[in-house]
Amino acid sequence: MRAYGRRHRRWSRRNPQPLLLVPDEPLLIAGLAAIGRALFRYRSGLAPITSGLVLEVAGLLLHHKQPGAWPMVAVLATLAALAAGLRGWPWGLIRLEERAYAASVTVVAGGWLAAATAIGPGRGPLPTALLSAVVVLGVPWWAHRRRRARVRVDRVVRAWPDLAEAIGLDGSRVMSAVVDTWGWRARMKLRPGHSVADVIARVPAIESALGTRPGAVRVEQDPAHAGRCTMRVVAIDPHAGAIPWPGPSARSLADPIELGVFEDATTVRVPLLRRHVLIGGTTDSGKSGVLNVVLGNLAACSDVVLWGIDLKGGMELRPWSSCLARLATTSAEATQLLADAVAILDARAHASGRDNTRVWEPTPTAPALVIVIDEYAELADTAPAAVGHAESIARRGRAVAVDLLTATQRPTQKAMGGGALRSQMSVRVCLRVRERRDVDLILDKGMLAAGWHAHTLDGPGKFYVLADGHNQPRRARGYLVTDEHVRETAARYADQRPDLDPLSRAAIEHQPRALEPPTTIADDPEQALLTALAHAPDDGLTVPELIDATGMRRTWVYDRLQALAAAGDARQVTRGRWRA
Ligand SMILES: Nc1ncnc2c1ncn2[C@@H]1O[C@H](COP(=O)(O)OP(=O)(O)OP(=O)(O)O)[C@@H](O)[C@H]1O
């Protein structure tokens with residue numbers, strides 16, 4: 001038996017059976033069905049031709065049965081054209097061009113039908129007129145981008161059950177789909193037991209199944225139903241170009257700040273009163289850009305005093321110096337500034353307790369205090385004493401309107417005091433990060449898995465924001481604030497800045513001043529700098545180390561480093577570390 005089986009298999013390999021297709025229905029019916037399917041599939045593209053044929057038949061019937069009805073046809077056509085042109089009825093057209101097109105088509109079709117009813121569709125110029133109208137009015141129809149997009153979306157919706165099964169979302173249903181300016185979005189119902197996290201985990205597979213570019217699919221939870229979500233396919237990136245800053249929108253800290261624009265063109269509005277802000281992202285992700293948008297707005301608020309800490313020698317914040325009541329550029333200055341802020345906080349808390357007022361309401365005469373810290377991790381590295389003050393402000397500052405606005409490349413556990421500081425930051429702006437786990441560091445644990453994919457942001461200024469009213473992973477792009485904007489805004493509001501209230505001023509005056517650490521200035525700081533750079537270890541020296549070596553101020557060291565770098569005598573080994 002086994003020998004027979006082997007022989008049979010060998011014989012089958014040598015003499016393969018021809019593949020026979022046996023139709024199980026008559027050829028004519030199969031052919032008609034195929035034509036029907038093709039007509040149905042391309043029904044949108046064929047619509048002008050179909051409409052021409054329908055008109056021809058209607059003209060024939062009306063001419064034979066009711067040739068005197070042509071004035072009625074003309075009147076109805078005019079009314080229909082008015083409804084289409086003025087109200088977009090019955091297609092719900094919003095855009096002016098689309099309504100104009102619908103009105104023109106209705107007028108031409110109605111006019112032709114009235115003429116065909118009166119004299120017959122085969123007479124005179126009517127056949128040529130109908131053919132020309134189909135071609136001329138068909139061209140905009142065939143070229144219309146949204147119509148073609150709609151057709152593509154309809155096909156995807158029909159194919160979704162198979163696609164969903166292939167990517168592990170079997171049982172999910174597309175309930176409705178809408179084409180918008182940038183692509184399309186669909187409301188989806190998931191299989192019982194599936195959640196939006198399952199869809200988010202399969203986003204790359206969905207992109208592959210739909211044939212989109214990577215990063216084109218967004219998924220948002222339906223706030224009313226755990227088993228439903230909105231899937232958005234962004235065919236054209238609405239954030240491809242920079243969005244110019246329209247200027248400050250806030251006049252008081254109580255006004256929400258407009259940071260930029262979401263992908264659906266709505267404005268990103270974030271309330272800042274009594275909130276600490278953390279802006280995180282890798283180098284060149286646009287942190288300073290977002291900081292500048294916030295500063296540009298706060299500069300226009302008459303109830304905020306601004307203090308700044310910029311340990312990059314004031315590189316980022318100095319352009320705003322005319323609007324900053326204080327700017328610290330060294331670790332010692334930063335520590336003193338934060339200590340003063342804690343003193344203000346204590347004085348205000350004390351006064352609130354005494355007067356039985358729960359919160360400090362900022363006004364131009366009793367303004368809020370916002371402390372802007374550029375590169376918080378650097379502060380944590382170089383001024384550990386300052387970190388204690390910052391944490392104290394983060395914990396207790398909100399009620400008395402002493403707020404922190406911090407930017408950092410990477411809010412590591414160490415920089416963020418083991419997360420204690422970060423947990424107080426109720427507004428988090430996450431720009432592009434290099435490593436996926438940084439998303440959880442900036443936003444919170446589990447946010448990466450929940451769809452806040454900041455590692456896929458592909459341009460400076462693009463961000464996710466987590467704040468009151470913003471708890472869905474929606475991509476936004478910050479406004480681009482140019483140097484010119486900064487100069488103009490700082491100059492415009494410089495003399496409108498409020499002063500601290502007497503209570504806060506008195507609190508600072510009673511503060512013990514830290515003694516300036518004695519600095520020994522090298523005889524020839526320039527030479528000392530060159531020697532330090534020449535003998536620097538392979539991973540370079542930090543700016544504070546160079547300050548120690550030269551005894552000069554940070555700004556001097558930065559200026560000299562820039563000049564030496566331009567001349568090729570110094571180079572930045574990694575960010576902030578230098579050697580010859
Ligand atoms: N919203 C934006 N739209 C377009 N371009 C932007 C935007 N924000 C920033 N950029 C551009 O990106 C570049 C880097 O921006 P920025 O200096 O703000 O980044 P950063 O994260 O602060 O960098 P660093 O870590 O070096 O301080 C700049 O050239 C800037 O013009």
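Asp340, Ala343, Ile344, Asp346, Ala347, Arg348 and Ala351 in helix H11 meet Leu503, Ser504, Ala507 and Ile508 in helix H17. Two residues count as in contact if their C-beta atoms, placed from the backbone, lie within 7 Å. This contact of H11 with H17 comprises seven nonpolar, one polar and three charged residues. Here Ala, Val, Leu, Ile, Met, Phe, Trp, Tyr, Cys and Pro count as nonpolar; Asp, Glu, Lys and Arg count as charged; the others, Gly among them, count as polar.

The model is predicted: local features need pLDDT of at least 70, side-chain atom pairs count only at pLDDT 80 or more, and totals for chains, interfaces and linings use all residues. Residues are numbered from 1 along each chain as its sequence is written.

The chain holds 20 helices and 18 strands. Helices (H or I, at least four residues) and strands (E, at least two) are DSSP runs, numbered from the N terminus. Of the 580 residues in the chain, 35% are buried. A residue is buried if 20 or more other C-beta atoms lie within 10 Å of its own, exposed if 12 or fewer, and partly exposed in between; the C-beta atoms are placed from the backbone. Among contacts between residues at least 6 apart in sequence, 68% join residues at least 24 apart.

Helix packing was examined next. Two packed helices are described by the angle between their axes and the distance between the axes. Axes are lines fitted to C-alpha atoms, for helices over the stretch in contact, and angles run from 0 to 180 degrees between N-to-C directions. H11 spans residues 331-355 and H17 spans residues 502-509; they pack at an angle of about 130 degrees, with axes 8 Å apart. The two helices are therefore oblique to each other. Angles under 35 degrees count as roughly parallel, over 145 as roughly antiparallel, 65 to 115 as roughly perpendicular, and the rest as oblique. The crossing of H11 and H17 is right-handed. A crossing is left-handed if the near helix is turned anticlockwise from the far one by less than a right angle, and right-handed if clockwise.

Helix H3 (residues 43-65) packs with helix H6 (residues 126-143) at about 155 degrees, with axes 9 Å apart. H3 and H6 are therefore roughly antiparallel. H3 passes H6 in a right-handed crossing. From H3, the contact involves Gly45, Ala47, Pro48, Ile49, Gly52, Leu55 and Glu56; from H6, Leu130, Val134, Leu137, Gly138, Trp141 and Trp142. By class, nine residues of this contact are nonpolar, three are polar and one is charged.

Helix H19 (residues 543-550) and helix H20 (residues 554-566) cross at roughly 105 degrees, and their axes come within 9 Å. H19 and H20 are therefore roughly perpendicular. Val543, Leu546, Ile547 and Thr550 of H19 make the contact with Arg554, Val557 and Tyr558 of H20. Five of these residues are nonpolar, one is polar and one is charged.

The largest nonpolar core has 88 residues. A nonpolar core is a set of buried Ala, Val, Leu, Ile, Met, Phe, Trp, Tyr and Cys residues joined through C-beta atoms within 7 Å. Ala341, Leu369, Ile371, Cys430 and Val465 touch the most other members. Leaving aside neighbours within four places in sequence, Ala341 is in contact with Leu369, Ile371, His389, Ile393 and Val402. Another core lies apart from it, with 18 residues, among them Val179, Trp184, Val199 and Val234.

Individual residues complete the picture. Valine 217 sits in strand S3 (residues 217-221). Valine 217 is buried, because 23 other C-beta atoms lie within 10 Å. Not counting residues up to four places away in sequence, valine 217 touches Val203, Ile206, Glu207, Thr212, Met231 and Val233. Valine 217 and arginine 185 are 32 residues apart in sequence, yet 9.4 Å apart in space, C-alpha to C-alpha.

Leucine 79 is found in helix H4 (residues 70-87). Leucine 79 counts as exposed, with 12 C-beta neighbours inside 10 Å. The peptide bond from tryptophan 89 to proline 90 is cis, with omega near 5 degrees. Proline 90 lies in the loop between H4 and helix H5 (96-119).

Alanine 265 has phi near 75 degrees, a positive value in a residue other than glycine. Alanine 265 is exposed, with 10 other C-beta atoms within 10 Å. Alanine 401 also has a positive phi, near 55 degrees. Alanine 401 is buried, with 24 C-beta neighbours inside 10 Å.
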